[in-house]
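Reader: I would like to go through some of the labels attached to this structure, and to see each of them set against its criterion.

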Amino acid sequence: MSLPPLQNDTFLRTLLREPTAQRPVWIMRQAGRYLPEYRAVRAEAGDFMTMCRNPELACEVTLQPLRRFALDASIIFSDILTIPDAMGLGLYFVTGEGPRFERPLQTVRDIEAVAGTDAAAELGYVYDAVNLTRREIGGKVPLIGFSGSPWTLMTYMVEGGSSKNFSKAKGMLYNEPAAAHKLLDTLARTTIDYLNAQTAAGAQALMIFDTWGGVLTPHQYREFSLDYMRQIVAGLKRENEGRTVPVILFTKGAARRLTDMTDAGADALGVDWTISLAEARRWTQGKVALQGNLDPCLLYGQPEAIREEVRRCLESYGTDPGHVVNLGHGINPDVDPEHLGVLVDAVHEFSAAQLGEAAPA
């Protein structure tokens with residue numbers, strides 16, 4: 001069955017730094033706990049991973065924010081830890097504590113064991129969800145596929161879950177760097193296959209979430225995080241259905257490393273809220289599009305405060321092509337959904353006026 005044609009390609013054109021009449025906007029974690037309809041589906045499913053592994057449920061929660069807000073892109077509902085789960089580590093979630101693994105990697109032998117797996121082949125439920133969602137969106141907006149970065153996945157796989165100081169994962173970088181590189185290379189090669197399969201299923205853009213790259217020293221970041229994201233980008237199929245499939249890299253907490261990231265081969269870089277977009281543009285020298293960078297806590301503000309901060313964000317970037325508006329990280333679960341609607345509408349209103357004024361007469 002052929003997939004429906006795309007009606008709104010503002011997001012894709014912006015990632016390629018092509019001129020648009022207004023700025024596109026989407027929100028990380030836009031399908032999530034801040035929506036009562038999401039909480040209802042999760043209650044029915046029983047747990048988070050059941051939702052992820054059920055293509056129909058994953059499709060439903062992916063579509064929910066599109067029904068409420070005039071968003072310019074959608075991102076498939078899934079989790080960054082699907083790859084290590086498919087490697088047999090036994091992913092589960094503890095309420096209030098986040099993800100845990102039953103069998104974390106503790107020895108070099110453990111790392112060699114996962115290197116022999118074909119995890120991407122075990123993730124058919126993700127590809128089915130991408131394909132179903134793409135068809136159900138009906139061409140309204142593009143669908144984003146995603147993965148975690150190898151370093152971010154490694155931290156969970158070695159620590160056994162979330163961590164405050166990453167002592168086990170970072171300790172491996174100092175004490176067993178060869179083992180760390182073996183694991184990271186395995187994860188990079190698996191991620192290439194995983195993302196390419198999402199593209200084949202219908203994803204129209206790809207994003208790599210390097211959630212914990214910001215905890216590394218500058219030289220460790222380049223060696224153990226950025227180099228493997230560069231390897232992934234080089235291995236991706238960048239065209240499908242007659243269009244470029246843009247790639248976004250996002251490292252949380254690493255604004256000062258944007259210069260290094262600029263040459264990784266991606267079309268766009270995510271920017272968190274710890275640096276202005278004007279400064280980010282100077283660091284990247286106009287070589288890539290930028291995505292971001294509103295403070296997630298802005299959505300606790302009143303509507304006028306939200307509108308003013310959106311205006312400031314747009315002015316910080318300026319009128320050149322290449323800015324996708326987003327939060328600097330995922331939306332918080334206790335946010336009032338109506339506040340997100342204010343943000344989305346303000347982006348379209350203010351950016352249309354800004355870009356219209358800047359257009360040549």
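Author: Arg281 lies over the face of Tyr317, at 4.4 Å from the ring centre, and Arg311 lies over the face of Phe350, at 4.1 Å from the ring centre. This is a predicted model, in which local features need pLDDT of at least 70 and side-chain atom pairs count only at pLDDT 80 or more, whereas totals for chains, interfaces and linings use all residues. Residues are numbered from 1 along each chain as its sequence is written, and side-chain values use heavy atoms, with hydrogens and water left out.

Reader: What makes a charge sit over a ring?

Author: The criterion is that NZ of Lys or CZ of Arg is within 6 Å of the ring centre and within 35 degrees of the ring normal. Arg281, at 4.4 Å from the ring centre of Tyr317, and Arg311, at 4.1 Å from that of Phe350, are both described in these terms.

Reader: Why is the pair of Tyr38 and Phe77 called edge-to-face?

Author: A search of the whole structure finds six aromatic pairs, where rings of Phe, Tyr and Trp (its six-membered ring) pair if their centres lie within 6.5 Å, and planes under 30 degrees apart count as stacked, over 60 as edge-to-face and the rest as tilted. The ring centres of Tyr38 and Phe77 are 5.8 Å apart and their planes stand at 65 degrees, so the pair is edge-to-face. Tyr38 lies in helix H2 and Phe77 in the loop between strand E1 (74-75) and helix H5 (82-89), so the pair ties together parts that are 39 residues apart in sequence; helices (H or I, at least four residues) and strands (E, at least two) are DSSP runs, numbered from the N terminus.

Reader: What makes the pair of Tyr127 and Tyr194 tilted?

Author: Tyr127 and Tyr194 are 6.0 Å apart from centre to centre, with 55 degrees between the planes, and form a tilted pair. Tyr127 lies in helix H7 (residues 124-137) and Tyr194 in helix H10, so the pair ties together parts that are 67 residues apart in sequence.

Reader: How do you know whether Tyr127 is buried or exposed?

Author: Buried means under 20% relative accessible area, exposed over 50%, and partly exposed in between (1.4 Å probe, protein chains only). Tyr127 has a relative accessible area of 15% and therefore counts as buried, and Tyr194, at 1%, is likewise buried.

Reader: Why is Arg17 called partly exposed?

Author: Arg17 has 37% relative accessibility, and therefore counts as partly exposed.
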